[in-house]
Amino acid sequence: VTTVRSVGGANADRYLSVLGYSANPSLTMENLVLPTDTATDRLVVSVHFYDPGTYALGQNAAYTEWGHTGAAGKKDPNHGEKNVIDTFKALKEKYIDNNIPLYIGECGAVNRSDERAKSFQRYWFEFIFKAARAYGLSPVIWDNGAKGTGHESFGFINHSDGSYINDSKPVLDVAKKAYTS
C-alpha cells in the first residue's frame, strides 16, 4: 500500500484490491489483516471462488457433477449449495456489513465435454451468480482462453475476436441471467 500510494498521480487515493492467503475465502476471513492506508475507505478485499476445487478446477477429474441433483460418487458430498450460501453469507457479514467492499475476483468451473456434465457446469454458474447477487458480492468469471475441456480449461471467449469458444454461450448466458434477474 505504501509503495503504490507513494508513486504519485491518482495512486494517492485509487482503490486497491487486497487478497488474503491464496485468495481463499475461508483463509482470507480467518487471517487477512487489512493494511494501514493513508487514503480513507479505498481498500477492497478480493477472494476467488472455485469450490470445490475437485469439481470447479477439474482437479484429477474427481467430480463431474455438482449440487443437490448430482449423483452420489460424482459430486463432492460436502461442497454443494449449502457451502456456497454459508461462504457468501460469512463474507457478507465479515466485510460488506462492516463497510469493507469485497468482490469475487475470479470464479468458474472448467468446461465439460458431455451434455450432462455441461448441465452441471451451467447450474454451478447459475447458483454461484444468484447467491453472489443475494449477498451483495460481485463475481468475475476467470477466462484463461484455454480451449478444450477438463483441468484448468477456463476458455469462454476468444480473446482475439470476442467469439465464444468451448460452447460457452449457454454458460455465460445463465450466469448473466442469474445475476441480473
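**View 1. The lining of the largest cavity, by class, has 2 nonpolar, 3 polar and 4 charged residues.** In this classification, Ala, Val, Leu, Ile, Met, Phe, Trp, Tyr, Cys and Pro count as nonpolar, Asp, Glu, Lys and Arg as charged, and the others, Gly among them, as polar. The model is a predicted one, in which local features need pLDDT of at least 70 and side-chain atom pairs count only at pLDDT 80 or more, while totals for chains, interfaces and linings use all residues. Residues are numbered from 1 along each chain as its sequence is written, and side-chain values use heavy atoms, with hydrogens and water left out.

Rolling a probe the size of a water molecule over the atoms shows where empty space is left. On a 1 Å grid over the protein atoms alone, a cavity is a set of points where a 1.4 Å probe fits but cannot get out, whereas a pocket is an open set with protein on both sides within 12 Å along at least five of seven lines; lining residues have an atom within 4 Å of a point. Grid points are joined across faces, edges and corners, and a volume is the space filled by probe spheres set on the points. The count comes to 1 cavity of 30 Å³ or more, and the largest cavity has a volume of about 50 Å³. Its lining is made up of Asn111, Arg112, Lys118, Gln121, Arg122, Asn166, Asp167, Pro170 and Val171. Two or more of these residues come from each of α5 (115-134) and α6 (169-180), and α5 gives the most, with 3 residues. Helices (H or I, at least four residues) and strands (E, at least two) are DSSP runs, numbered from the N terminus.

**View 2. The largest pocket holds about 230 Å³ of space.** Its lining consists of Ser22, Ala23, Asn24, Pro25, Ser26, His48, Phe49, Tyr50, Asp51, His79, Asn83 and Thr87. At least two lining residues are supplied by each of α2 (25-31), β2 (43-49) and α4 (81-94). By class, this pocket lining has 4 nonpolar, 7 polar and 1 charged residues.

**View 3. α5 and α6 pack with their axes 8 Å apart, at an angle of about 25°.** That angle makes α5 roughly parallel to α6, a label given to angles under 35 degrees, while those over 145 count as roughly antiparallel, 65 to 115 as roughly perpendicular and the rest as oblique. Axes are lines fitted to C-alpha atoms, for helices over the stretch in contact, and angles run from 0 to 180 degrees between N-to-C directions. Contact means heavy atoms within 4.5 Å, and among the residues of α5 that meet α6 are Phe125 and Phe129, while those on the α6 side include Val174 and Ala178. The residues of this contact divide into 9 nonpolar, 2 polar and 4 charged.

**View 4. α4 and α5 pack at an angle of about 25°, with their axes 10 Å apart.** These two helices are therefore roughly parallel to each other. Glu81, Val84, Ile85 and Phe88 in α4 meet Tyr123, Phe127, Ile128, Ala131 and Ala132 in α5. By class, this contact has 8 nonpolar, no polar and 1 charged residues.

**View 5. A cis peptide bond joins Asp51 and Pro52, with omega about -10°.** Pro52 has its place in the loop between β2 and α3 (53-56). Asp51 is also one of the residues that line the largest pocket.
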